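Dear colleague,

Please find the structure below, together with its sequence.

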Amino acid sequence: MIHWKEEIVIEKNIEKVWSLFLDKNIKKIMPKVEEHILIDKKENEVGAKHQQKYREGKRVETYIVDTLAYEDLEDKKLKKISFILGKAFEITFSFTLLKIDETHTKLIYEGQNKGVNFVGRAMLKLGSEKSNNIVVKEFLQKVDQEAHLV
C-alpha cells in the first residue's frame, strides 16, 4: 500500500481554489480525466457517484468515483473520494483546503493506493514510491498554477 500526504500554500482565496474541485473544472486540475459525469445524488453530497474516464497513454479506464466526505465551510473545505482502478487498485484520496487569510489557502492532499488483488498488490510492490511522490507534487503544482488563472 502506498500512502501520501503533501501540502502547499496557494496565494489565492479559498473560494477560488475550491472552485477548481467542482465537476465543471475537474479537467483543469486533472487533465488525463476525459469524462466526469454525475450519475447519482448531487456533486456536493456524501454518497455522490460519478462515472469517470481516465486516459493513460492509449488506454482509457472507466470507473465509478464515490464521494466519501464533503464539507464546504467558510474556512475549511474537504472532498474525499474513492474508486477502484482496473480491478486492481483501490484509490482513496482527499483534498482539504484551509483558509489562512483572504489571499492564502493551504491545500492538503492525502491518500492511499491499495492493491485489491494479487496483481494489484504485486504491481504496487514493484512500483516506486518516488514516482508516486512525483505525481503527487505535480498535482499540487497543477492546482497552484490553475488557481492563479481563476
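The residues lining the largest pocket divide into 20 nonpolar, seven polar and six charged. Please bear in mind that this is a predicted model.

The lining comprises 33 residues, and the volume of this pocket is about 1,200 Å³. Nearest the centre of the pocket lie Tyr-54, Glu-56, Leu-85, Ile-91 and Val-135. At least two lining residues come from each of several elements, among them strand S1 (2–10), strand S3 (49–56), strand S6 (89–101), strand S7 (104–115) and helix H3 (118–126). Helix H4 (129–147) is also in that group, and H4 gives the most to the lining, with seven residues.

Which residues of H4 are buried? They are Asn-132, Val-136, Phe-139, Leu-140, Val-143, Glu-146 and Ala-147. Seen down the axis of H4, these buried residues fall within an arc of 135 degrees, so they line one face of the helix. An α-helix has 3.6 residues a turn, so residues three or four places apart point the same way.

The buried residues of H4 are covered by elements including S1, helix H1 (14–19), helix H2 (26–29), S6 and S7. On the face of H4 turned away from its buried side, Lys-130 and Gln-141 are exposed.

Yours sincerely,

Definitions and conventions. Residues numbered from 1 in each chain as written. Predicted model: local features only at pLDDT ≥ 70, side-chain atom pairs only at ≥ 80, totals over all residues. Heavy atoms only, no water. 1 Å grid on protein atoms, 1.4 Å probe; cavity = no way out; pocket = protein on both sides within 12 Å on 5 of 7 lines; lining within 4 Å. Points joined across faces, edges and corners; volume = space filled by probe spheres on them. Helix = DSSP H or I, 4+ residues; strand = E, 2+ residues; numbered from the N terminus. Nonpolar A, V, L, I, M, F, W, Y, C, P; charged D, E, K, R; others polar. Buried < 20%, exposed > 50% of the residue type's maximum accessible area, 1.4 Å probe, protein only. Arc of directions from axis to C-beta. Contact = heavy atoms within 4.5 Å.
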